[in-house]
Amino acid sequence: MSVEARTHTALHVLKGAVVRVLGAEWTAGVSVDGSHGRLTVQFDRKPTEEELAEIEELANLKIREDAPVEELELDRAEAEGRWGDAIYDLFPLPASITRLRVFHLPGWNVNACNKEHTSSTGEIGSLKIAKARFRAGKGLLEISYDVHPG
Ligand SMILES: [Zn+2]
């Protein structure tokens, strides 16, 4: 399993934790570079150190649970019927796309995504938040992290 797949899958796990702790549901951007990743969500303030620690802890609990990752391919209408807007990020997919690949970590995160994922969360290893940057002017929160083996 490539480090990029581990770092990318960690984005989904981290997002689930961010939704739980901060209620920030809309992803504005993601990036992966080797073992380093960054998740950007729409948010209205800088999170506290306690909130960031809780996000990191929840994400690592989900990783240690070694939960199975589901990758589905289905009609867009069917995916919307099942999960609604939860499968989308801030910027909509073109209407011309009618089939979706969907990443599903039951009870944690669902997202239209055609990237490569690990088959379970345990393969990620562990995740450490490096920094959080709140861009007040844009209403965006960037959370940078690194994944480590084991
Ligand atoms: Zn993905």
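Predicted model: local features only at pLDDT ≥ 70, side-chain atom pairs only at ≥ 80, totals over all residues.
A residue counts as buried here when its relative accessible area is under 20%. H3 covers residues 76-83, and Arg76, Ala79 and Trp83 are its buried members. Looking down the axis of H3, these buried residues fall within an arc of 60°, so they line one face of the helix. What do they pack against? Just after the helix comes Gly84, which takes a positive phi of about 65°.

Next comes the metal site. A zinc ion is held by four residues, namely His8, His12 and His117, each through NE2, and Cys113 through SG, at 2.0 to 2.2 Å. The angles among the four donor atoms run from 102 to 124°, and the site is tetrahedral. For comparison, the ideal angle for four tetrahedral donors is 109.5 degrees. Along the sequence, the donor residues follow the spacing H-x3-H-x100-C-x3-H. Two of them, His8 and His12, belong to helix H1 (residues 3-22) and are four residues apart, about one turn of the helix. An α-helix has 3.6 residues a turn, so residues three or four places apart point the same way. Both His8 and His12 are buried.

Then there are the strands. E1 (residues 27-33) and E2 (residues 36-42) run antiparallel and are joined by six bridges. Together E1 and E2 make a hairpin with two residues between them, and Gly34 in the turn has a positive phi of about 60°. E2 also pairs with E7 (residues 140-148), again in the antiparallel sense, over seven bridges. In that pairing, Val41 has Leu141 of E7 as its bridge partner.

Leu141 turns up again around Phe134, being one of its contacts. Phe134 itself lies in strand E6 (residues 126-135). Is Phe134 buried or partly exposed? Its relative accessibility is 24%, so Phe134 counts as partly exposed. Leaving aside neighbours within four places in sequence, Phe134 is in contact with Phe43, Asp44, Arg45 and Lys46, as well as Gly139, Leu140 and Leu141. Pro47 is 87 residues from Phe134 in sequence, yet their C-alpha atoms are 8.2 Å apart in space.

Methods
Residues numbered from 1 in each chain as written. Heavy atoms only, no water. Donors = N, O, S within 2.8 Å, 3.2 Å for Na, K, Ca; no water. Tetrahedral: all angles 85-135°; square planar, octahedral: opposite > 155°, others 65-115°. Buried < 20%, exposed > 50% of the residue type's maximum accessible area, 1.4 Å probe, protein only. Arc of directions from axis to C-beta. Pairing = 2+ DSSP bridges. Contact = heavy atoms within 4.5 Å.
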